[in-house]
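Hi there,

Here is the structure I promised to send over. Have a look at it first, and then read on for my notes.

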Amino acid sequence: MNFSEVFKQSNQLCKVSPDGKYLATCVQYRLVVRDVSTLQILQLYTCLDQISHMDWSSDSLFILCAMYKRGLVQVWSLEQPDWHCKIDEGSIGLVSSRWSPDGRHILNTTEFHLRVTVWSLCTKAVSYIKYPKACSKGIDFSRDGCYMALAERRDCKDYVSVFVCDDWHLLRHFETETQDLAGLEWSPNGCVLAVWDSCLEYKVLLYSLDGRLLSTYSAYEWSLGVKSVTWSPSSQFLAIGSYDEKVRILNHITWKKITQFEHPSTINNTKAVVYKEVERRPVVSDDLSLHNITVGTTLFNTQSKYEICPLPVQIPVVKPDPDRANPKIGISSLAFSADGRYLATKNGGFQVQSLSWHCTGDSLILLGKEQLCLCYMETEQEDK
Amino acid sequence: MGEWWTTVPIESSLGNFDISSISHATMSPSKQNNLLSMYSSLSLSKSSYSVISAFCTEDNIPQCISYINQELASLGLSSTCIEASSPGAAGLNPVPALNATYELLQIHRRTMCSLEELEREQLKKSSTLEHVQMNNSRLKDQLELSIREKSGLHEMERQLQLKIKTLQSCLKTEKDEVQKLQNIIASRASQYSHDAKRKERETAKLKERLSQLLVDRKDKKLAIDVLNCLGRSDGKRSHWKTAKAAASHEGEMYKSLLSDYEASQRSLMLENAELKKVLQQMKKEMIHVLSPRQPSIRGATADDSQEQADSDLEDRAGDSSRGSLDKSCEHAREQLTNSIRQQWRKLRNHMERLDSQASQVQNQLESNKDVISRETHEDEMERMRREVQQCKEFIDAQQQLLQQLNTSFDDETAALLNDCYTLEEKERLKEEWRLFEEQKRNFERERTNFTEAAIRLGREKKAFEEDRASWLKNQFLNMTPFTDRRRCSSSDGQSALSIRSEPEMRMSSSKVQLPKSSTYTSFSTPKPAPSATVPSTTELYRTLRLIPDPSSTRHSSHGRWHESSTIEDGESQVKAKSRLRCGDLSIFSLGEDENSLT
């Protein structure tokens, strides 16, 4: 594996454009756009303050740079470098800023989640959405970019509003049966909205596009509940990772659990292959309970290699402090491969920041704090 | 006591008299009859007078007196002898008699007293005995009762212990659960507190901001500052928000939902159809499996009816599946599942029956064949074991022998043996060397012959060439075809022939001359039209060794081989010579090769 030279960036703001041609990085208050293949600097923009958030528009023509402290958003164009756009939220402050799927509207969430302001770059019009909910995932766009689901909270009750992204017309507004809505996610086919409660209650609700409640799922009571939720790419399965270190899979026809995966600290399953990275210094890192992983690659600057551990394998588990809130146990991230064959899960407090699959579904990349791991799956066995 | 005394004397005196009368009976036999009669009279009557009078009569007073004195003396009383008042008188001296009587009375009284006491004692003792016995039995009963109670209590105690154990375990589980719940509560509490703190911080910030805003009042207007408006990404104009737009949005939403539902319904229908097919197939197969059994187990009619029913079902199912009524579909589905369940149950029962039968049969078989099979098995095993043993022994023996062979000789004998072997080899080698030498000599001889022959050949060739040249000249000069010339040539040919025949005769002596003679013959026939006297082609070829002539070829090839084999001796000259010869005998080279090839 070859690595390029190191480029400076701040705030981990470094994104490749959706069409894969450009790479944008932020260095303090500057925005640098490079060509992906040659890594030559194509454009250089200067913002008014340190950039807190940066994002590409869906058509890769524009980049927004948000400066939360100043309450400013600046939008830059790649085609016309002298085109500029500045959105000032004023005294109301700015907490988050994002593009709409069509790449022509910007949604700003103001401070204290007072409202969501929708700025149109086409018409310079503004719309407001009141009472957005301050939760981990309060806004989600459907994959085709037609609809947006927004979580709201009024009078100590949770609501979901469905907007049509074309003209921000409010399509549906319904109350959800959650105690404290923590997140929502559209299914990839855009017909079902999964809504889950905060970790104090295990509850996953499924609403259809028109706001009807299709089903409720609750695995157990009282203990800490849902930690992460993800859809399979075909919308057939919904994987729910919870604090009890189990992943439960629901099917889209009956919305009942079809299977559940455990993450025991001792791996005894004869079908599992456990790779352990062995370095010169005896540090065990990146041990995940993946299903059917095969060859991994070695890092290029440390002398390490992967050896297959004989079963049973005891995974080192660090028991988190139970007195603290949001304990580092449970399934924190889930990812289906692109063909829906594999599900990668991260359990416990391992230092894996993200796991994402290659679009062909054959390899998985794990990003740790200091390490990177690529796993290739062998496509010999037919696995569901 | 007094009254008792009064009544007793009569009886006691009677008793005493009994005793005394009996004793008297033994003492004085003279009065036996009297005593006996007295005794019998005593037994009949209980009057004291008659008794007293029986003992002492008027006659025997002195004997009685002496007897009574004796008795008194024997009793240990003071010797108050009773004496007669006067000798021979019928009366007694009253004083000693009264004293004696008094003493006797005293004695009697004393005995009476002691008897009374004894009786009292006895009564007392018997009463205490009774009392004690009663106590004893009562205590025994009590003891038994208490033992029973004890066992009962033991039992109760055991049960209570068990209960305690179960309760303890329950308590433990409850405690665990309580602990778990407490943990949950604790985590929830921490989560709540965390959230609450977060909210509080937020409200604090809000308050701060609010106060700041109220103070500042420098409202920064929110605005967007764009250089120029962008076009929409899809190039369309933006629309007004109208009711029609809203309706169209709704319509679109429902369309997308419907399409999704339709897609899923389609896939479900496909799946359903497949599953139905599978079920039908299963049912058919089950029927098929059961039907050959059915005539044996049930009547054929039942079978037919079954089949009929099934076919009916199938028909109905087919009809309903083709039909569009939901109810009949459901009905058909139910019927299908029911029939499959029925079939499955039948199949299962059948299998169970078969299983039991099979196990029975197997048991029978086992019981029958058990002994035999085991016996044969055992025999086989024995045989194999023996064989194995034999083989092992054999192997051991062989190994031993081998070892003996290798190491049983001590060094001397080993050396000797080795020597023997080497000697044999030496002999052989010598033999071979001898042969080799002989062959070498032969070869030398042949070589010399060959060289001589070659030299001769060369000379003859030269001569021949000259001859030929002269002949040609002659021929040229005498171009006319004269028969004499031909005859000359034929005579030449004949002479050649004769020359040829000569070396044939000489073949045995010198093998190598053949080639030269054949050259001669070959060179002698350059004429276009071969004459009759000219040797035929086959003969020529034979002599040229183009056709394998057994003897010659062998010899020649042998000669060649010999020549080639002597290269190792370093006689390269010979080789060169042979090579030269090869070169000279250009015609022969082809022949040689051919021969060598053959």
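Before the notes, one cut-off: a residue is called buried when its relative accessible area is under 20%, exposed when that area is over 50%, and partly exposed in between. Please also keep in mind that this is a predicted model.

Let me begin with Ser17(A). This serine sits in the loop that links strand S1 (14–16) to strand S2 (22–27) of chain A. Its relative accessibility is 4%, so Ser17(A) counts as buried. The side chain of Ser17(A) makes a polar contact of 2.5 Å with the side chain of Asp19(A). Leaving aside residues up to four places away in sequence, Ser17(A) touches Tyr22(A), Trp56(A) and Ser60(A).

Next, two backbone angles. Most residues other than glycine have a negative phi. Tyr131(A), however, has a positive phi, near 55°, and Trp255(A) also has a positive phi near 55°. Tyr131(A) is in the loop between strand S12 (126–130) and strand S13 (139–141) of chain A, while Trp255(A) is in the loop between strand S23 (246–251) and strand S24 (257–262) of chain A. Are these two residues buried or exposed? Tyr131(A) has a relative accessibility of 37%, so this tyrosine counts as partly exposed. Trp255(A) has 8%, and therefore counts as buried.

Now for the interface. In chain A, 52 residues are in contact with 40 residues of chain B. Together the two chains bury about 4,400 Å², with 58% of that area on carbon and sulfur atoms. Of the area that chain A buries against chain B, 16% comes from Ser91(A), Phe112(A) and Leu200(A), more than from any other three residues.

There are 2 salt bridges across the interface of chain A and chain B. Arg172(A) forms a salt bridge with Glu250(B), and their closest N and O atoms are 2.7 Å apart. Between chain A and chain B, 9 residue pairs are in polar contact.

Which strand gives the most to the side of chain A that touches chain B? That is S8(A), with 5 residues. The residues on this side of chain A comprise 24 nonpolar, 11 polar and 17 charged.

S8(A) also pairs with a strand of the other chain: S8(A) and strand S1 (residues 223–226) of chain B run in the antiparallel sense, over 4 bridges. In this pairing, Cys85(A) stands opposite Val226(B).

Happy to talk any of this through.

Best wishes

Note on methods. Residues are numbered from 1 along each chain as its sequence is written. Chains are lettered from A and ligands numbered from 1 in the order in which they are written. This is a predicted model: local features need pLDDT of at least 70, side-chain atom pairs count only at pLDDT 80 or more; totals for chains, interfaces and linings use all residues. Side-chain values use heavy atoms; hydrogens and water are left out. Helices (H or I, at least four residues) and strands (E, at least two) are DSSP runs, numbered from the N terminus. Buried means under 20% relative accessible area, exposed over 50%, partly exposed in between (1.4 Å probe, protein chains only). A polar contact is a pair of N or O atoms within 3.5 Å; within protein, one must be able to donate a hydrogen and the other to accept it, and residues adjacent in sequence count only if both atoms are side-chain atoms. Contact means heavy atoms within 4.5 Å. Buried area is the accessible area (1.4 Å probe) that two parts lose on being put together, summed over both. A salt bridge is a side-chain nitrogen of Lys or Arg within 4 Å of a carboxyl oxygen of Asp or Glu. Ala, Val, Leu, Ile, Met, Phe, Trp, Tyr, Cys and Pro count as nonpolar, Asp, Glu, Lys and Arg as charged, and the others, Gly among them, as polar. Two strands pair if DSSP finds at least two bridges between them.
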